[in-house]
Amino acid sequence: MEATTAPLPRVSRRAPLPPSPRMPRAVQTLGWMSRPFQFVERARASLGDTFTIHIARDAFVVLSDPADVKQVFTGDPSVYLAGVSNDILLPFLGRKSVLLLDGAAHMSQRKLLLPPFHGEKMRRHVDLMREIAEREVADWPRGVPFKAHPHMQKVTLEVIMRIVFGVDEGDPRLAELRERLRTLLEATVAPKELRKLLLYGPQKADKKRIYGHVLDPVDETIAAIVAERRTRDDLAERDDVLSMLLLARHEDGTPMDGTELRDELVTLLVAGHETTATALAWSLERLTRHPEALERLTEEVRADAGDEYVDGVIRETLRLRPVIPFVGRKLSEPQTIGGWDLPAGVRVAPSIHLMHRREDVYPQAAAFRPERWLGVRPNPYTFLPFGGGVRRCLGAAFAETEMRAVLAAIVRNVRVEAARPESEKVGRRVITLVPGRGAEIIAT
């Protein structure tokens, strides 16, 4: 199905937007890119819960009041557009990616993609997640500092390849896919490639296929795997996502076409790899700075005492170190939010970081306290690591399940500690916020 969203009007330069930091656009962009958390914290301290930041060519109205976030997440999806807000991903993911669609087209794709990532089908993958993590941990160096983030990337890439494509260990296509995907994934975060994207803009970059040199080999391998899988007569018995998508049908009974299938597979690979790897790296960085939390986690995992504390660790990590800085929507119609009459075409951005640091929502908000989550269900308008509303990340449960399995595999098999006493600053890999030194740890 094709998106039918009409072009949005441009926002007038004289539009009455909320106040902005008194600094040039270039300085705001530099501050946002280099120190994103501190930049928005200073802006809220001086301007309040609702303010405007000017980043590159765009203006974003930043929101951090729970009532305003609820309004955005529960608002009409045809007014609060998420797909057009993700257009920077277009050259990599393709026009039929669920992340880039709005309206009926988005809901149709979402319905097809949800089943593999929920319920019993997802739980069947836990043993494989654990096996991949334990094999990786067994190869870690002992007694010397190393960066955990690249190792977490290896784990999550392997998990997503095996579970999405169902390619068995030893299959030569697995090694080929692994290598080609690594090349693609590095291109999505390389500064040189980012500069090209900013120079061309997403639409022109997609039209000119400036990333064809890294996309074409991946597409070739995916096409070969899909073609082989279509010949199988056991798709209904298989657990991999590809097999389930080949069986899926739209409401009119039609299957996903080749472009839909390709775009969604690449979306799952890109979105499901980097974000989870970064969250795992931050978990290790935070745990090694809080030995009492790490010791409790280790004891509970080794005693098979349940998942409540590890879930608390995961949520607290995502609260304090969100992988994505904000949630984006673009208004197709004028809206009043936080007392401001905002015009159509403006981008509104609930700030994950600012919401997660509200003292009225999270007492001692700067402290890493996994126990704050024991017996507590996250509020969907104040805990935002996976976005919210009908656009909440469809892989959220999968990501949490994977994090649970990987963290348990680590603390069950090794002792870890920080390589240096000082906390790691927040670095950036295009849109993801990563440990500045790569989550340096020592394993024994």
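How do the residues of the lining of the largest cavity divide into nonpolar, polar and charged? The tour ends at that cavity, where the answer is given.

This is a predicted model, in which local features need pLDDT of at least 70, side-chain atom pairs count only at pLDDT 80 or more, and totals for chains, interfaces and linings use all residues. Residues are numbered from 1 along each chain as its sequence is written, and side-chain values use heavy atoms, with hydrogens and water left out.

**Stop 1**

Strands of a sheet pair through backbone hydrogen bonds, either parallel or antiparallel. Here helices (H or I, at least four residues) and strands (E, at least two) are DSSP runs, numbered from the N terminus, and two strands pair if DSSP finds at least two bridges between them.

Select 50-55 and 80-81: these are β1 and β3, the edge strands of an open sheet with mixed pairing and the order β1-β2-β8-β5-β3. Tyr 80 stands opposite Leu 331 in β5.

Now select 25-34. This is helix α1, which lies across β1 and β2 (58-63) and runs at about 100 degrees to β1. Axes are lines fitted to C-alpha atoms, for helices over the stretch in contact (heavy atoms within 4.5 Å), and angles run from 0 to 180 degrees between N-to-C directions.

**Stop 2**

Select β4 (145-147) and β9 (416-418), which are edge strands. The order of this open sheet is β4-β12-β9, with antiparallel pairing. Its twist averages 45 degrees from one strand to the next.

**Stop 3: the largest cavity**

A cavity is a set of points on a 1 Å grid over the protein atoms alone where a 1.4 Å probe fits but cannot get out; lining residues have an atom within 4 Å of a point. Grid points are joined across faces, edges and corners, and a volume is the space filled by probe spheres set on the points.

Select Trp 32, Phe 37, Ile 53 and His 353, which are among the lining residues of the largest cavity. About 60 Å³ of space lies in this cavity. Helix α2 (residues 36-47) gives the largest share of the lining, three residues.

The lining has eight nonpolar, two polar and no charged residues. Ala, Val, Leu, Ile, Met, Phe, Trp, Tyr, Cys and Pro count as nonpolar, Asp, Glu, Lys and Arg as charged, and the others, Gly among them, as polar.

Technical notes
On a 1 Å grid over the protein atoms alone, a cavity is a set of points where a 1.4 Å probe fits but cannot get out, and a pocket is an open set with protein on both sides within 12 Å along at least five of seven lines; lining residues have an atom within 4 Å of a point.
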